[in-house]
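Good morning, colleagues. Please turn to the model on the screen while I speak about side chains and their charged partners.

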Amino acid sequence: MRATSLASSPMGRERISGLLRSAFPDATVEVTDRTGTGDHFHVAVVSAAFDGLSLVEQHRLVNRALEPLLTDGTIHELRITTKGTG
């Protein structure tokens, strides 16, 4: 059984958002369930933590923040948009 029920609920999107806000306390975070199935997400994160970093480095930080949900299969597919504030 896949672990999608948590992500498809509002509580799941809040968990994704919470993990990102914990990793990037100053961030503006948006989480979108792209397909309505609760396992394909787009996250958009704007944070000063990304200032001066390459796009690859920014995305690595987001992946690291969401590692528990990527590892357990809650997130099957993830699109990431990041931007620094500077």
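D51 is partly exposed, with a relative accessible area of 34%; buried means under 20%, exposed over 50%, and partly exposed in between, computed with a 1.4 Å probe on protein chains only. This is a predicted model, in which local features need pLDDT of at least 70 and side-chain atom pairs count only at pLDDT 80 or more, while totals for chains, interfaces and linings use all residues. Residues are numbered from 1 along each chain as its sequence is written, and side-chain values use heavy atoms, with hydrogens and water left out.

D51 lies in the loop between strand 2 and helix 3 (55–65); helices (H or I, at least four residues) and strands (E, at least two) are DSSP runs, numbered from the N terminus.

Which residues does D51 touch, not counting those up to four places away in sequence? They are G84, T85 and G86, where contact means heavy atoms within 4.5 Å. From C-alpha to C-alpha, D51 and G84 are 4.6 Å apart in space, although 33 residues separate them in sequence.

I turn now to the salt bridges. A search of the whole structure finds 2 of them, each being a side-chain nitrogen of Lys or Arg within 4 Å of a carboxyl oxygen of Asp or Glu. R34 pairs with E77, with the closest N and O atoms 3.0 Å apart. This pair links distant parts of the chain, 43 residues apart: R34 is in the loop between strand 1 (28–33) and strand 2 (40–46), and E77 is in strand 3 (residues 77–83). E77 also bridges to R79, at 3.3 Å between the closest N and O atoms.
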